[in-house]
Amino acid sequence: VIQVESRFDHKAVSSAGAQGLMQVQPNVVTALVERGKMLPSTKNIKDPRVNVEVGVSYLAYLKEMFGDLKLALTAYNAGPSSVAKKIAAKEKLSFNYAHKVLSAHRELRQQLASLTNGGSGNLDGKITG
């Protein structure tokens, strides 16, 4: 999500007001606090640690709400109300954003595997063939 949202720029701000690494909207913090998913003291979404905590909590909340990672990622990008309305109306959803995030995840895992295991592609640290 961070790669797609901000390209790891913790100072990123979108034209819509989303901020930080995970491009969190200020109203997301309020909604998570109201739903008991975050502590009220967690307000400074410009702080990279807080931003990631909020973004991850929000994504977990969306995954719980929709029961599917691709739907949760789509809701992270388009908003949960928009996704819920399209599902209720049986309209087609675009999963472009979800595919970008999942593709970035695969690429980053491959890069990590290459760095940590000399290119063996094995992330558990075991030496393979």
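Helices (H or I, at least four residues) and strands (E, at least two) are taken here as DSSP runs, numbered from the N terminus. The structure is a predicted model, in which local features need pLDDT of at least 70 and side-chain atom pairs count only at pLDDT 80 or more, while totals for chains, interfaces and linings use all residues. Residues are numbered from 1 along each chain as its sequence is written, and side-chain values use heavy atoms, with hydrogens and water left out.

## Overall organisation

The protein chain contains six helices and zero strands, and its elements follow the order α-α-α-α-α-α from the N terminus. Of its 129 residues, 33% are buried, where buried means under 20% relative accessible area, exposed over 50%, and partly exposed in between (1.4 Å probe, protein chains only). Contact is defined as heavy atoms within 4.5 Å. Among the contacts with a separation of 6 or more, 37% join residues 24 or more positions apart.

Helix α6 covers residues 96–116, and its 21 residues should span 30 Å at 1.5 Å a residue; the end C-alpha atoms are 30 Å apart, which agrees. The expected span is 1.5 Å times one less than the number of residues. Tyr97, Ala98, Val101, Ala104 and Ala113 are buried in α6. An α-helix has 3.6 residues a turn, so residues three or four places apart point the same way. The cover over the buried residues of α6 includes α1 (2–6) and α4 (69–78).

In α4, the buried residues are Leu71, Ala72, Leu73, Thr74, Ala75 and Tyr76. Their cover includes α1, α3, α5 (80–88) and α6. At the start of α4, a side-chain oxygen of Asp68 comes to within 3.0 Å of the backbone nitrogen of Lys70. This pair is a polar contact, a term for N or O atoms within 3.5 Å; within protein, one must be able to donate a hydrogen and the other to accept it, and residues adjacent in sequence count only if both atoms are side-chain atoms. Just after α4, Gly79 adopts a positive phi of about 100°.

Ala72 belongs to helix α4 and counts as buried because its relative accessibility is 0%. Beyond its neighbours within four places in sequence, Ala72 is in contact with Leu59, Leu62, Lys63 and Phe66. Ala72 and Leu59 lie 13 residues apart in sequence, with a C-alpha to C-alpha distance of 6.5 Å.

Asn51 is found in helix α3 and is buried, with a relative accessible area of 0%. The side chain of Asn51 reaches the backbone oxygen of Gln19 at 2.7 Å. Not counting residues up to four places away in sequence, Asn51 touches Gln19, Gly20, Leu21, Met22, Gln23, Val24 and Ile45.

Val29 has its place in helix α2 and is also buried, at a relative accessible area of 5%. Its C-alpha atom is separated by 6.7 Å from that of Val54, 25 residues away along the chain.

## Pockets

On a 1 Å grid over the protein atoms alone, a pocket is an open set of points where a 1.4 Å probe fits, with protein on both sides within 12 Å along at least five of seven lines; lining residues have an atom within 4 Å of a point. Grid points are joined across faces, edges and corners, and a volume is the space filled by probe spheres set on the points.

The largest pocket holds about 430 Å³ of space. It is lined by 24 residues, of which Gln25, Val28, Tyr58, Tyr76 and Pro80 are the closest to its centre. Two or more lining residues come from each of α2 (26–34), α3 (48–66) and α4. The most is given by α3, with five residues.

The second largest pocket holds about 230 Å³. Its lining has 15 residues, and the closest to its centre are Val1, Ile2, Val101, His105 and Leu108. The elements giving two or more residues to this lining are α1, α3, α4 and α6. Helix α6 supplies the largest share, six residues.
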